[in-house]
Amino acid sequence: MLMLGGLLAACTAQPDPAARAAPTTVRTEPVPASPAAPQLAPASPAAAPVAAAAEPAAETDTADQYETMYVVIADTSRQYRPLRRQMLRLQAVTSQRIDTMGRFYDPKKNLIRLPDNDADEVYAGDYFPRRTPDATLSVEYTTLYTSAHDKSMALVTGIYQEPARADSLLAVVRRTVPTAFRVKTRMFMGCLH
């Protein structure tokens, strides 16, 4: 946990929600005017401010920090307790480790969160998402992996970079939870600070 907190404290990049969408194509050739539009003489190009010129590189840097991941989800709900009970049942059957990353559910705030005194000062008292590839059990907010209501939670049983490994785990989880499913997602893997 201390290593994670130190690593997180060193991060400075912010995820760009627009970078999660499919890459956009930037048109570089001039667009012909419609026949009814008056033809104007070409103007000299305006000087671009330094910040504006650097912006496309920043977008590219952020887009490079997304990776395709395969997330195995046993169940979803807007209520934490049923998912936690199911997580404990799955652990008993599959012997998978539960990794809460030090988080707990706070019913007063209706939030899965880190303790107020967590080493990560930015996320202390708030939710920090699970993003690392592994086969541990945890309850997460579904919005990190797929479109969902802000308070929708998922019982995540594994996150993988390879679809075959996710499918293997899914087959095991479906023996206990037949409705379990796999999600392919573009996940931000850069710094969240």
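**Fold briefing for a predicted chain**

Of the contacts in the chain (heavy atoms within 4.5 Å) with a separation of 6 or more, 69% are accounted for by residues 24 or more positions apart. This is a predicted model, in which local features need pLDDT of at least 70 and side-chain atom pairs count only at pLDDT 80 or more, while totals for chains, interfaces and linings use all residues. Residues are numbered from 1 along each chain as its sequence is written, and side-chain values use heavy atoms, with hydrogens and water left out.

**Secondary structure**
- The chain contains four helices and six strands, taken as DSSP runs (H or I of at least four residues for helices, E of at least two for strands) and numbered from the N terminus.
- Along the sequence these elements follow the pattern α-α-β-α-β-β-β-β-α-β.

**Sheet and packing**
- An open, antiparallel sheet is built from four strands in the order E4-E5-E1-E6, where pairing requires that DSSP finds at least two bridges between two strands.
- Its edge strands, E4 (138-141) and E6 (181-188), each pair on one side only, and the twist averages 50 degrees from one strand to the next, with axes fitted to C-alpha atoms (for helices over the stretch in contact) and angles running from 0 to 180 degrees between N-to-C directions.
- Strand E1 (residues 66-77) pairs with E6 in the antiparallel sense over eight bridges, and Glu67 has Met187 in E6 as its bridge partner.
- Helix H3 (residues 80-94) lies across E1, E4 and strand E5 (153-160), and runs at about 40 degrees to E5.

**Burial**
- Of the 193 residues in the chain, 35% are buried, meaning under 20% relative accessible area with a 1.4 Å probe and protein chains only.

Technical notes
Buried < 20%, exposed > 50% of the residue type's maximum accessible area, 1.4 Å probe, protein only.
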